[in-house]
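Q: Please take a close look at one loop in this model, and then at the strands that pair elsewhere in the chain. Which residues meet there, and how are the strands arranged?

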Amino acid sequence: MSRRVVRQSKFRHVFGQAAKADQAYEDIRVSKVTWDSSFCAVNPKFLAIIVEAGGGGAFIVLPLAKTGRVDKNHPLVTGHTAPVLDIDWCPHNDNVIASASDDTTIMVWQIPDYTPMRNITEPIITLEGHSKRVGILSWHPTARNVLLSAGGDNVIIIWNVGTGEVLLSLDDMHPDIIHSVCWNSNGSLLATTCKDKTLRIVDPRKGQVVAERARPHGGARPMRAVFTADGKLLSTGFSRMSERQLALWDPNNFEEPVALQEMDTSNGVLLPFYDPDSSIVYLCGKGDSSIRYFEITEEPPFVHYLNTFSSKEPQRGMGFMPRRGLDVSKCEIARFYKLHERKCEPIIMTVPRKSDLFQDDLYPDTPGPEPALEADEWLSGQDAEPVLISLRDGYVPPKHRELRVTKRNILDARPPSGPRRSQSASDAPLSQNMLETLLEQVKALREQVQAQEQRITALENMLCELVDGD
């Protein structure tokens with residue numbers, strides 16, 4: 001009688017668990033716009049969610065610790081004149097977020113560490129270059145202030161957000177709507193999927209398609225693709241029979257997939273969230289109530305099904321926490337922020353371990369918040385791997401980095417070189433906090449003056465009535 005050999009893997013028993021009710025974010029009017037983006041972005045400091053907004057586009061930003069019921073008057077980030085379609089936190093500054101909209105613009109925002117008193121309406125910079133809606137945003141993984149956008153005009157633009165200029169425009173590669181764009185680990189290549197059913201690998205600085213595969217999935221519905229840590233590609237799509245599929249590809253040999261997994265016949269586009277540190281890909285379908293996850297390995301069959309986290313409620317969108325925002329003391333290897341119709345619920349993926357010690361094998365050094373390159377260095381042809389940090393003592397996000405506006409680079413948090421003129425108290429700039437306080441005081445005084453005027457009017461009316469009576 002043959003014994004079945006069980007595959008050795010530290011991730012075989014990963015399990016998902018929804019956070020307790022008091023750890024969710026309640027009373028959020030999640031956007032109902034029809035668009036296949038995740039509608040949610042999260043980093044170690046903040047949770048951002050695209051919300052319903054009358055007469056324009058908006059998203060809400062909450063400090064991670066601000067769980068529970070969200071005040072209906074909580075300030076929003078407003079500025080777009082049409083619905084917001086995608087948001088993405090800058091990987092090198094936890095207080096900077098970009099938003100893309102149906103109004104053809106991209107806006108980059110500075111989020112303060114404190115909760116503002118009123119809506120944030122002034123972006124640091126507005127990027128205008130697309131002629132139709134902008135539905136995809138992605139920051140460069142290693143270069144400072146480099147942001148990619150893709151629009152309904154079938155154009156990919158790569159911006160230097162620090163100067164507001166277009167670094168590169170890829171406008172003749174895609175004959176139809178772009179469904180997804182993903183950087184590789186050092187930001188030298190892009191993987192794109194398009195409505196023309198072609199998966200492309202693009203070198204943006206050369207402006208060339210390095211490799212492409214027509215119809216990697218037989219079906220007509222949208223595909224998604226992400227790079228793995230070793231440069232392979234994971235794609236999700238639909239078969240001719242409308243079965244959802246996950247495929248692993250070697251870009252050097254695009255003829256046949258390295259591995260192919262077929263799942264179910266649901267309609268929702270599968271959004272792949274890939275974690276390079278564990279080599280696990282999590283598949284979340286919009287409208288699904290489950291998250292499937294697979295481990296990608298070097299040996300056959302290459303793609304190993306691990307498990308499925310299931311719940312009762314379908315998901316409207318999903319946020320994926322970067323590794324540096326996880327709780328290493330609880331052996332947490334992934335955390336999702338699942339959007340419901342009126343709330344956001346954290347879902348935690350854990351590897352069961354008995355020891356309380358730091359688990360080196362679960363937490364290799366991971367990309368930190370420091371960029372490896374400047375924008376002009378990347379544009380000139382340099383590549384660099386992400387600057388890694390250890391999670392042994394947990395990750396503490398840096399304090400709010402105030403942006404100093406310079407013509408060269410408005411997002412550069414470092415002080416300008418050369419001697420600085422010392423500021424006297426009279427010409428020191430007012431901080432945002434002081435401005436907020438002064439505005440509140442002015443508002444209170446105005447209300448007091450109005451109340452006094454109403455009392456004077458009432459007394460005058462009484463006097464008039466008395467005189468008339470006599």
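A: A polar contact is a pair of N or O atoms within 3.5 Å; within protein, one must be able to donate a hydrogen and the other to accept it, and residues adjacent in sequence count only if both atoms are side-chain atoms. Such a contact, at 2.8 Å, links the side chain of Asn186 to the side chain of Ser188. The model is predicted, so local features need pLDDT of at least 70 and side-chain atom pairs count only at pLDDT 80 or more, while totals for chains, interfaces and linings use all residues. Residues are numbered from 1 along each chain as its sequence is written, and side-chain values use heavy atoms, with hydrogens and water left out.

Asn186 sits in the loop that lies between strand 16 (178-183) and strand 17 (190-194). Strands here are DSSP runs of E with at least two residues, and helices are runs of H or I with at least four, numbered from the N terminus. Asn186 counts as buried because its relative accessibility is 13%; buried means under 20% relative accessible area, exposed over 50%, and partly exposed in between (1.4 Å probe, protein chains only). Leaving aside residues up to four places away in sequence, Asn186 touches His140, Pro141 and Thr142, and also Asp383, Ala384 and Glu385. Contact means heavy atoms within 4.5 Å.

Two strands pair if DSSP finds at least two bridges between them. Strand 17 is joined to strand 18 (residues 198-203) by four bridges, and the two run antiparallel. Leu190 has Val202 in strand 18 as its bridge partner.

Another open sheet has four strands in the order 24-25-26-27, again with antiparallel pairing. Strand 24 (270-275) and strand 27 (303-310) are at its edges with a single partner strand each, so one side of each has no neighbour in the sheet. Within this sheet, five bridges pair strand 25 (residues 280-285) with strand 26 (residues 290-296) in the antiparallel sense. Leu283 is set opposite Arg292 in strand 26.

Strand 5 (residues 57-63) is mostly covered, with six of its seven residues buried. Strand 5 also pairs with strand 7 (residues 77-80), over three bridges and in the antiparallel sense. There Phe59 has Val77 in strand 7 as its bridge partner.

The largest nonpolar core has 34 residues, and those with the most contacts inside it are Ile28, Leu47, Ile49, Phe59, Ile111 and Tyr337. Two or more of its residues come from each of strand 3 (40-42), strand 4, strand 5, strand 8 (84-89), strand 10 (105-110) and strand 29 (332-339). Strand 4 gives the largest share, six residues. Another core, of 25 residues, lies apart from it and includes Tyr282, Ile291, Leu362 and Tyr363. A nonpolar core is a set of buried Ala, Val, Leu, Ile, Met, Phe, Trp, Tyr and Cys residues joined through side-chain atoms within 4.5 Å.
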